[in-house]
Amino acid sequence: MRVSSLFLIALVVLMAGCIGQEQTTMPSKFRVIDLKVELHYDKNNQYLAKIEVTNIGNKTIRVARPIYFITVKYKLFKGSEELKFMGRVPTYLSLGNESVVDLKPGESVSTEYRIDLCWWNVTKGGKYRLEVIYDTRGVASKDVDFWRGILKKEFEVEVKENCQNSR
């Protein structure tokens with residue numbers, strides 16, 4: 001019992017050390033794909049995010065393309081509180097062959113999106129934590145199979161001006 005408690009405490013300490021300004025790495029369970037996110041401030045509380053999914057395994061693997069709010073989602077936190085998302089969420093049909101790609105070892109698929117911090121109920125400027133999440137676990141598909149799992153990256157971001165004044 002004591003050994004498992006010490007192991008659990010050590011694991012929590014290691015995981016807590018992974019949160020920071022730069023992206024953290026949470027590779028897939030069997031180390032077959034990885035998520036890379038580059039985040040750059042643009043203007044008016046908006047960030048440009050380059051999202052890349054890479055095959056880091058030694059076999060070809062089929063993955064879903066990173067698609068806004070279907071396989072790629074965002075969460076914003078102030079401290080430990082998750083803020084309510086107020087932006088538009090698209091509706092979609094099940095993913096088909098056009099929404100997946102076979103990646104050979106070392107290959108990647110990427111896209112870029114604009115993230116507006118005013119999509120959340122931000123009430124004042126300051127530092128926040130943004131999670132960029134690639135999650136294919138519950139994504140509907142029509143007769144096409146692809147890697148199922150979740151990968152996350154965390155960033156410290158800053159709201160520089162009042163969201164009501166930035167429009």
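I first looked up the surface of this predicted model. The chain exposes about 10200 Å², and carbon and sulfur atoms supply 53% of that area. I then turned to burial: 38% of the 167 residues count as buried.

Next I listed the secondary structure. I found 1 helix and 9 strands in the chain.

I went on to the largest nonpolar core, which has 41 residues. Which of its members touch the most others? I noted Val63, Tyr74 and Tyr134. The elements giving two or more residues to this core include strand E1 (33-43), strand E2 (46-55), strand E3 (61-64) and strand E4 (72-78). Strand E6 (100-103), strand E7 (108-116), strand E8 (126-135) and strand E9 (150-159) are also among them.

I followed Val63 in detail, leaving out residues up to four places away in sequence. Its contacts are Ile33, Val53, Ser99, Val100, Val101, Leu103, Val109, Tyr134, Phe146 and Trp147.

Last, I looked up Gly79, in the loop between E4 and strand E5 (81-82). Is Gly79 buried or exposed? I recorded Gly79 as exposed because its relative accessibility is 57%, and the cut-off is over 50%. I also took the C-alpha separation of Gly79 and Lys127, which is 8.9 Å, although the two lie 48 residues apart along the chain.

Terms used. Residues numbered from 1 in each chain as written. Predicted model: local features only at pLDDT ≥ 70, side-chain atom pairs only at ≥ 80, totals over all residues. Heavy atoms only, no water. Core = buried A, V, L, I, M, F, W, Y, C linked by side-chain atoms within 4.5 Å. Buried < 20%, exposed > 50% of the residue type's maximum accessible area, 1.4 Å probe, protein only. Helix = DSSP H or I, 4+ residues; strand = E, 2+ residues; numbered from the N terminus. Contact = heavy atoms within 4.5 Å. Areas by Shrake-Rupley, 256 points an atom, 1.4 Å probe, with all protein chains shown as cover.
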